[in-house]
Amino acid sequence: MAQAKSGSDRMEKIVSLCKRRGFVFQSSEIYGGLNGCWDYGPLGTELKRNLKDFWWRRMVRERDDVVGMDGSILMNRQVWVASGHENTFTDPMVDCRNCKSRLRADQLPEKNGRKQCPVCGSLDLTEPRAFNLMFKTYVGATEDESAITYLRPETAQAIFVQFRNILEVSRKKLPFGIAQIGKAFRNEINPRNFTFRSREFEQMELEYFCRPENGLELLEYWLQERLRFYRDIGLSSESLHVHKIPPEECAHYSKGTYDIEFEFPFGIQELEGVAYRTDYDLNQHQKASGKPLDYFDEESKQHFIPHVVEPSAGVDRTALALICAAYDEEVVTDEKGKSETRTVLRFHPRMAPIKCGVFPLLKNNELLVRQAREIVDQLRGKMMVFYDETGAIGRRYRRQDEAGTPFAVTVDFDTIGENGPALRDTVTVRHRDSMEQERIAIKELTAFLGERIR
Ligand code: GAP
């Protein structure tokens, strides 16, 4: 297997494939881009959608103790005052006096015990100062202090401030959760590693409310559930790591936090945090708003503020992990003995942007084309399919290998009965990973593919 030699080689190839095949583009590219912002092309959009849909299915639809919500990105400024973000959601920043780079003080290399600028190597740096990561904006026509708010830096706060409403309408009893997927914004000092650290990104968050005595046990439960999720989208157990945050590094209100990490080509990095946040957030909002955010326990007839366990994942980071895990190169030899390198994205079929390519063997044979188009009609609506009639069949397979399409259906002369009745109305299904082919009846195709992509 001709794997890319080093992590940075591999990452370069992945970034180039992402652009070439339309997974990810630089935002506003024709104007020189906008640092930390990305656009997803057709394949990337499908990949993200599959990921979000599967998260929603696992976390909401397959459970009876979780409901969903979809909060606004702009909220009353007081939300961010009460949550602590306005005062404390900061990173330490320094400036390099030599090259004027703006740098995160906690990520600097050291030389002889002194912090060094990673851009020019200078040791002449300013003292660290706190830089708030929230994007400030104004609501309405006046740009004064009273109109200030922020683009949300996490989706979680909308869940806390709607806790009471959702409790009432859903009539759930503890323990129960509220799930949300949506955009979040952070004015990161150094966006880097492609989409890994962006200024605009999406989160998938669950706030799972419980009795105080169950918090620690539920933290362990959610850690295992989330690891199962990552394995079920195709990330191997070996590529996943659990980092227990030492108590002294946890937020002051947290009674335990795990980071779920993945082996990216640029190092082992966080995919998700699973945190036991106690009753901190609901308490803060109850105090600041003066509105009750407690829970009435009918059995004990007691009122109390629920505790919460929060699995909080990044959509973009997970999509990047899926691409990195799927990327492979292998040397294959064709029937004529010619060797070439095949680039293939080995996505789990559940995550693959396109599930099935459909090809007529020849584009100038009306019967082959008609049959292939009928198969597209049969599959469309049930899965993402891609019709392709241009180029040699081997080339069409390779194009789909690079897009990560797990199955390719070819309509050939056997299908239309030109070689006798035995194989009429059957097609070859080619498997992306093994490149093996098998013959399947057209009428069984939907079920055959359907059970493999669920
Ligand atoms: N509500 C808790 C919270 O927001 P976090 O660890 O700051 O916790 C959760 O963020 C997840 O959001 C991270 O594990 C990561 O996947 C994603 N995330 C955070 N900042 C990000 C960024 N700048 N770019 C991409 N994803 C980010």
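Me: How far is the polar side-chain atom of Arg317 from a nitrogen atom of the ligand?
Reply: It lies 3.5 Å away. This is a predicted model, with local features needing pLDDT of at least 70 and side-chain atom pairs 80 or more, while totals for chains, interfaces and linings use all residues. Residues are numbered from 1 along each chain as its sequence is written, and side-chain values use heavy atoms, without hydrogens or water.

Me: And Glu310, what's its distance to a ligand nitrogen?
Reply: An N or O atom in the Glu310 side chain is 2.9 Å from a nitrogen atom of the ligand.

Me: What about Glu205?
Reply: A polar side-chain atom of Glu205 lies 2.5 Å from a ligand nitrogen.

Me: How much of the ligand does the protein cover?
Reply: 89% of the 560 Å² of accessible area (Shrake-Rupley, 1.4 Å probe) that the ligand has on its own.

Me: Which pocket does the ligand sit in?
Reply: The largest one. A pocket is an open set of 1 Å grid points, over the protein atoms alone, where a 1.4 Å probe fits, with protein on both sides within 12 Å along at least five of seven lines; lining residues have an atom within 4 Å of a point.

Me: What volume does the largest pocket have?
Reply: About 1600 Å³. It has 48 lining residues, and Phe89, Glu154, Arg186, Asp259 and Glu270 are closest to its centre.

Me: What gives the most to that lining?
Reply: Strand 15 again, with seven residues. Helix 4 (85-88) and helix 9 (315-326) are among the other elements supplying at least two. By class, the lining has 19 charged, 16 polar and 13 nonpolar residues.

Me: Switching topic. How much space lies in the second largest pocket?
Reply: About 560 Å³. Of its 21 lining residues, Asp334, Glu340, Gly394, Arg395 and Arg398 are closest to the centre.

Me: What gives the most there?
Reply: Helix 11, with six residues. Strand 19 (327-333) and strand 20 (339-345) each supply at least two as well.

Me: How does that lining divide by class?
Reply: 12 charged, five polar and four nonpolar.

Technical notes: A polar contact is a pair of N or O atoms within 3.5 Å; within protein, one must be able to donate a hydrogen and the other to accept it, and residues adjacent in sequence count only if both atoms are side-chain atoms. A molecule sits in a cavity or pocket if more than half of its atoms lie within 2 Å of its grid points. Grid points are joined across faces, edges and corners, and a volume is the space filled by probe spheres set on the points. Helices (H or I, at least four residues) and strands (E, at least two) are DSSP runs, numbered from the N terminus. Ala, Val, Leu, Ile, Met, Phe, Trp, Tyr, Cys and Pro count as nonpolar, Asp, Glu, Lys and Arg as charged, and the others, Gly among them, as polar.
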